[in-house]
Amino acid sequence: MSTEVSPPPGNDEYLAKRTLRSGSAGWVLLAGLGVSYVISGDFSGWNFGLAEGGFGGLLIASVVVAAMYLAMVLGMAELSSALPTAGGGYTFARRALGPLGGFATGTAILIEYAIAPAAIATFIGAYVESLNLFGITDGWWVYLAVYALFIGVHLAGAGEALKAMFVITAIALVGLLIFAVAALGKFDVSNLTNIAPTDAAGASSFLPFGYLGIWAAIPFAIWFFLAVEGVPLAAEEASEPEKNVPKGIIVAMLLLIVTGAVVLFLVTGALGADAASSSGNPLVEALGDSGAAKVVNYIGLAGLVASFFSIVYAYSRQTFALSRAGYLPTSLSVTNSRKAPMLALIVPGVIGFGLSLTGEGAMLLNMAVFGAAVSYVLMMVSHIVLRVREPGMARPYRTPGGIVTTGFALVIAAISVVATFIVDPKAALWTLGVFCAFLAYFGLYSRKHLVANSPDEEFAALAKAEKELE
């Protein structure tokens, strides 16, 4: 499929209206951003995997998924050091797989980031209702309030937003520490396996839903780490991105492995696998009617807000990058006086709010995981292709193990895509349909309207020129 790349009228003016504020974040803020993306997954969502695989199934799935994410993060650290732009995974795939591969990757990431806040909004609603403040109940207006408030904060600019996210994330981590201390006294090892075994193949008290339960639990294990791969989206707003982005994403991933393990064992051990499997706020229920439970409830809300807040940032930057290069309507990448992309923040937010009205957190989670897993497959393929095809590319950071590491992540990511169809085939098929509609838009329209002097297209043109010279 051929593409047409041409400069728009007034190149300098076009890009001047589509620039982000550089130098807003060092590696500490970037690591905080990585944790912020994910921290809500520790407070709610992952526990639905107990209903699919039991404790044993979810534990095994979590170990495999953690290994996949660590391998993937190491691969993305290399790619982000070599290609530090706001496009993140889309930029990597554009260089390796061409315009169609880049757009497919960016679209999968955008689906993930547009749907994940909708799922988180439903969890925020559950936490708000459990607080029983002024008679507040879960409802559409709670979802509307969080979307309006946090999109508004992002419109104030990246530096302000990143610092606010860092503070909220630090509060959420303190909440996890308080929970861990309180839950230790309630831990009972028998609670881990209190789901009655079924007649499925391989079923036992450890694996009540058998071997297939491990596979079905994978999408929920992904919730422990979902969106950490979004750190490279801040590359254009970071200082020394070739150094700070790799460091930030790796530190974030290591911290998330620890927090995920803590909540998996302590929530299940304190509350019981059966009760935890359907809880909207499992950490609070695990602590019962206690002062610590009330504290964790308030702080748990902060954790959910942190991820909601940061993923809004992520979807806006992915939309911005695709729009600036012409893959999506170019009006979406225009920035305001604070260098924040206005429509890139608002339009996906309106779509996400509409999805949140379903109130189906588990279904939305599965849809977000589908988009994520597809993007992981394409990004790992991109790492392998660039290692083979462009061995001389400048890489300030190199992935330990090279393509063996990213090859492992690729295999697990492909398995994860299939797992979303096992958990909720209807939701996965709907998401696949949206993905295909985006690809049709590219084939019929946007491939003929790409912007030559956007950073991602310039990276690709430079690579092509270097290859021709060789």
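Here are some friendly questions and answers about how this predicted model is described.

Q: What makes up the protein in terms of helices and strands?
A: The protein has 17 helices and two strands. Its accessible surface comes to about 16600 Å², and 69% of that belongs to carbon and sulfur atoms.

Q: How many of the protein's residues are buried?
A: Of the 470 residues in the protein, 59% are buried.

Q: Why is Ile-222 called buried?
A: A residue counts as buried when its relative accessible area is under 20%. Ile-222 has a relative accessible area of 1%, so Ile-222 is buried. You can find this residue in helix α8, which covers residues 210-222.

Q: Which residues does Ile-222 touch, not counting those up to four places away in sequence?
A: Ile-222 touches Val-65, Tyr-69, Val-369 and Ser-416. There is also a pair to look for in the structure: Ile-222 and Gly-49 are 173 residues apart along the chain, while their C-alpha atoms are separated by 9.9 Å.

Q: How do you know that Thr-169 counts as buried?
A: The cut-off is again under 20%, and Thr-169 has 3% relative accessibility, so Thr-169 counts as buried. Thr-169 lies in helix α7, residues 158-184. Leaving aside neighbours within four places in sequence, Thr-169 is in contact with Gly-32, Val-35, Ser-36 and Ala-306.

Q: What share of contacts between residues at least 6 apart in sequence joins residues at least 24 apart?
A: In this protein, the share is 84%.

Q: Which residues make the contact of α4 with α15?
A: On the α4 side, they include Glu-52, Val-64, Ala-67 and Met-68. On the α15 side, Thr-405, Phe-408, Ile-412 and Ser-416 are among them. By class, this contact has 11 nonpolar, four polar and one charged residues.

Q: What makes α12 roughly perpendicular to α13?
A: Helix α12 (residues 291-324) and helix α13 (residues 342-356) pack at an angle of about 115°, and their axes are 8 Å apart. Angles of 65 to 115 degrees count as roughly perpendicular, so α12 is described as roughly perpendicular to α13. In this case, α12 passes α13 in a right-handed crossing.

Q: Where do α12 and α13 meet?
A: Val-312, Tyr-315, Ser-316, Thr-319 and Phe-320 of α12 meet Ala-344, Leu-345, Pro-348 and Gly-349 of α13. These residues divide into six nonpolar, three polar and no charged.

Q: Which residues of α6 meet α5?
A: Val-142, Tyr-143, Val-146 and Tyr-147 in α6 meet residues of α5 that include Ala-114, Pro-117 and Val-128. The contact divides into 10 nonpolar, two polar and no charged residues.

Note on methods
Residues numbered from 1 in each chain as written. Predicted model: local features only at pLDDT ≥ 70, side-chain atom pairs only at ≥ 80, totals over all residues. Heavy atoms only, no water. Contact = heavy atoms within 4.5 Å. Helix = DSSP H or I, 4+ residues; strand = E, 2+ residues; numbered from the N terminus. Nonpolar A, V, L, I, M, F, W, Y, C, P; charged D, E, K, R; others polar. Buried < 20%, exposed > 50% of the residue type's maximum accessible area, 1.4 Å probe, protein only. Areas by Shrake-Rupley, 256 points an atom, 1.4 Å probe, with all protein chains shown as cover. Axes fitted to C-alpha atoms, helices over the stretch in contact; angles between N-to-C directions. Parallel < 35°, antiparallel > 145°, perpendicular 65-115°, else oblique. Left-handed = near helix turned anticlockwise from the far one by under 90°.
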